[in-house]
Amino acid sequence: MAGRADKTGSRGRAGVTLPPEVDLSRPSIARVYDFILGGKEHFEIDRRATDAIFAAVPQIGSLARDNRNLLRRATRYLVRDAGIRQIIDLGSGLPTLGNVHEIAHEVDRDVRVVYVDNDPVVLAHGRALLSQENTTTMIMADIREPDSVFDNPAVKEFIDFDEPFAVIAASILHHLTDAEVLPAAAAIRNRLTVGSYLVTTNFLDDDEDRAKDLEKAFLDGGLGTGRFRTWEELRRLFDGLEMLEPGLVYGNDWHPDELTPADSPVHTLFSAGMARKVS
């Protein structure tokens, strides 16, 4: 499959032409998440990379779904309650049910959204999905180099940096190494204007046995990334910002609603927080 699928003109399952630079000899974070969520845009190499993950925590699908539900709640809060009309979604992944722009547009059709990912497959699918959108776009960039995001001409076209905006980093910062994550988070915070928001969800090391087993499965089981960090390590991502209530908490404890599961089997494995730049 990989030998055929990486040729120019080959197509993904949704009929989107795969860029020739796609390397299907290695698993993709975006496609692995798509598989865990029950999507269709993945390949055998991606499915094999999840074997150790499912062996460590068979309910890993609940973790992915809980994170998507948190993304829905956070986006709605930003637009409906905080009045944000500009959003940058870092590490957006493959399109799935309840994309950020769809959630935001349920509140205000004029909200502008920029999706950012470094996976060419995500870019191809995203641009196909957004071909008829005039308030939403997608760029290819790496959050390890935040300037490549904020200085991108397409981002400057959609985001007015003189006005408040939100940066969403959902389930992406834990794929950065310890040497990368704090500099990247600091660079993002430095680019926020006063009144802007940062939202993160991350793997959490607060469940001694399962967190360590799951981290090992991510790091050594084929994907090669996925750090579970402590509460203190994760709080440092928000240094200098004002945390919103209820602070940095288990993901399902962040503004739960009627769709938030009350008894998630993975409740202690991921965190969520939202903060605002006040000066």
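Two strands are taken to pair if DSSP finds at least two bridges between them. In this predicted model, strands β4 and β5 are joined by 5 bridges and run parallel. Within this pairing, the bridge partner of A166 in β5 is Y197. The chain passes from β4 to β5 through helix α10 (residues 178-191), and this β-α-β crossover is right-handed. Strand β5 is also joined to strand β8 (residues 270-276), here by 7 bridges, and these two strands run antiparallel. N202 has S271 as its bridge partner in β8. Strand β5 (residues 197-203) is largely enclosed by the rest of the structure, because 7 of its 7 residues are buried.

Helix α6 (100-107) has the buried residues V100, H101, I103, A104 and H105. The elements against which these buried residues pack are α5, α7 and the strands β1, β2, β3 (136-140) and β4 (166-170). A contrasting position is A262, found in the loop between β7 (249-250) and β8. The relative accessibility of A262 is 85%, so A262 counts as exposed. Between A262 and N252 the C-alpha to C-alpha distance is 8.0 Å, with the two residues 10 apart in sequence.

Open spaces were examined next. The largest pocket has a volume of about 1000 Å³. Its lining consists of 45 residues, and S28, I29, A30, D117 and D119 lie nearest the centre of the pocket. At least two lining residues are supplied by each of α2 (29-36), α5 (60-81), β1 (86-90), β2 (112-117) and α7 (120-129). Helix α2 provides the largest share of this lining, 5 residues. By class, the lining of the largest pocket comprises 21 nonpolar, 13 charged and 11 polar residues.

The second largest pocket holds about 230 Å³ of space. Its lining is formed by L37, R65, R68, N69, R72, T96, L97, G98, E102, I103 and E106. Helices α5 and α6 are the elements that give two or more residues to this lining, and α5 gives the most, with 4 residues. The lining of the second largest pocket divides into 5 charged, 3 polar and 3 nonpolar residues.

The largest cavity contains about 100 Å³ of space. It is lined by 15 residues, of which S92, G93, P95, N99 and Y115 are the closest to its centre. Two or more lining residues come from each of α5 and α7, with the largest share, 3 residues, from α7. The lining of the largest cavity divides into 9 nonpolar, 4 polar and 2 charged residues.

The second largest cavity has a volume of about 80 Å³. The residues that line this cavity are Y33, I36, I60, L63, A64, N67, S171, F203, F218 and F270. Helices α2 and α5 each supply at least two of the lining residues, and the largest share, 4 residues, comes from α5. By class, 8 residues of the lining of the second largest cavity are nonpolar, 2 are polar and none is charged. Among the lining residues is F203, which lies in strand β5 (residues 197-203). F270 is also one of the lining residues and belongs to strand β8 (residues 270-276).

Key:
Residues numbered from 1 in each chain as written. Predicted model: local features only at pLDDT ≥ 70, side-chain atom pairs only at ≥ 80, totals over all residues. Heavy atoms only, no water. 1 Å grid on protein atoms, 1.4 Å probe; cavity = no way out; pocket = protein on both sides within 12 Å on 5 of 7 lines; lining within 4 Å. Points joined across faces, edges and corners; volume = space filled by probe spheres on them. Nonpolar A, V, L, I, M, F, W, Y, C, P; charged D, E, K, R; others polar. Buried < 20%, exposed > 50% of the residue type's maximum accessible area, 1.4 Å probe, protein only. Contact = heavy atoms within 4.5 Å. Right-handed = clockwise from strand over helix to strand, strands pointing away.
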